[in-house]
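I am opening my notebook for a friendly look through a new structure. I will jot down each thing as I look it up.

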Amino acid sequence: MFKIVNREVMGDGTIIMNEIVAPKIAQKARPGQFVILKANETGERIPLTISDIDLEQGTIQVIYMVVGKSTDIFKTLKVGDGFQDVIGPLGKPTHIEKLGNVVCVGGGTGVAVLFPITRGFKKAGNKVISIIGSRSKNLMILEDKMRAASDELHVCTDDGSYGHKGFVTDILKDILENGKVDLVVGIGPVPMMKFVAEVTKKYSVKTLVSLNPIMIDGTGMCGCCRVSVGGKTEFACVDGPEFDGHQVDFDGLMKRLRGYEAEEKEAYNDYCACRDKK
Ligand SMILES: Cc1cc2nc3c(=O)[nH]c(=O)nc-3n(C[C@H](O)[C@H](O)[C@H](O)COP(=O)(O)OP(=O)(O)OC[C@H]3O[C@@H](n4cnc5c(N)ncnc54)[C@H](O)[C@@H]3O)c2cc1C
Ligand code: FES
């Protein structure tokens, strides 16, 4: 069992942070990598990004939004409980180097994925400007950690309840218009990453995105996580999850993510009905 030693409810209560004892994974984990977790023997395999590590405690941190049956089951786990299985670190780490000016753009729970990458680029000696956004103030996460990991931080909300009223791309356009940018890293909901890549393409600025297709084994065997990048089929679990945002077929990814919507809804409704009866 992989014991939970710290748990925090974030945002509006739908976002949960778990710190999990997994010393071997903590030792090897690099920014951009993820784990696959199972809550119990019959549980579904769920991929979540490693948002931080503590080498002294031998722990990894994951931050997830409750969106369906499995994440709702994860939410029931308290400090002292544990996940039956945690596999990782999986995926290719982010290629971090000194480039000059790096802009890190995060949306929603994508900020949890972006944080270790932002910190890595800052540590490598880059000037890092970060932009984080959420639908509303109560869904904003990791603002303090992102501020500490960046030279400059901009915050935005769709509804204007905090920071700039509007999208992260509004601020990104201003930054690209007014200075030299060597790399943009955009991580968040698929439509957000698509728009970030569209904006940066106009300025010919290299852009990394982190893709989240449905995954099963996470080791390149099932083919479930296939994505089209530059017209070539890639497996996000072993070839990614990061890819060149200017080459990704985002519409194809969105279509595949919706592929099991009816079944996911049914599974969640059945689970909620059983849970509420107890
Ligand atoms: C590499 C990677 C890293 C991720 N990191 C994070 C993270 O740090 N924080 C976070 O909140 N979410 C992250 N996700 C998304 C997370 O895995 C899904 O939200 C979760 O699987 C939903 O499961 P569910 O049963 O609760 O919901 P469901 O009702 O089953 O599904 C809701 C939606 O989640 C997605 N999904 C469902 N099953 C899977 C699966 N096996 N693999 C991937 N996506 C699935 C689909 O888009 C689906 O429509 C990541 C996904 C990937 C691929
Ligand atoms: S999850 Fe099976 S090949 Fe990537």
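The entries below go from ground rules to domains, then to the ligand, then to a few backbone details.

**Ground rules.** I note that this is a predicted model, in which local features need pLDDT of at least 70 and side-chain atom pairs count only at pLDDT 80 or more, while totals for chains, interfaces and linings use all residues. Residues are numbered from 1 along each chain as its sequence is written, chains are lettered from A and ligands numbered from 1 in the order in which they are written, and side-chain values use heavy atoms, with hydrogens and water left out.

**Domains.** I looked up how the protein is divided, and found domain 1 (2-90), domain 2 (93-201) and domain 3 (211-261). The bounds come from an automatic or database domain assignment. The centres of domain 1 and domain 2, taken over C-alpha atoms, are 23 Å apart. I then checked where these two touch: 16 residues of domain 1 are in contact with 15 residues of domain 2 (contact means heavy atoms within 4.5 Å). About 1300 Å² is buried between domain 1 and domain 2, and carbon and sulfur atoms give 67% of that area. Buried area is the accessible area (1.4 Å probe) that two parts lose on being put together, summed over both. Pro31, Ser51 and Asp52 supply 34% of what domain 1 buries against domain 2, more than any other three residues.

**Ligand 1.** Which residues are closest to ligand 1? I found Pro47, Ile63, Thr71, Met215 and Glu264, out of 23 residues that surround it (a residue counts if one of its heavy atoms lies within 4 Å). The shell divides into 13 nonpolar, six polar and four charged residues; Ala, Val, Leu, Ile, Met, Phe, Trp, Tyr, Cys and Pro count as nonpolar, Asp, Glu, Lys and Arg as charged, and the others, Gly among them, as polar. Strand 4 (46-49) is one of the elements that supply at least two shell residues, and strand 4 gives the most, with four. Helices (H or I, at least four residues) and strands (E, at least two) are DSSP runs, numbered from the N terminus. Why does ligand 1 lie between domain 1 and domain 3? Both domains give residues to its shell, so it lies between them.

**Backbone details.** I saw that the Gly88 to Pro89 peptide bond is cis, with omega near -5°, and that Pro89 lies in strand 8 (residues 85-90). Leu142 has a positive phi of about 60° although it is not a glycine.
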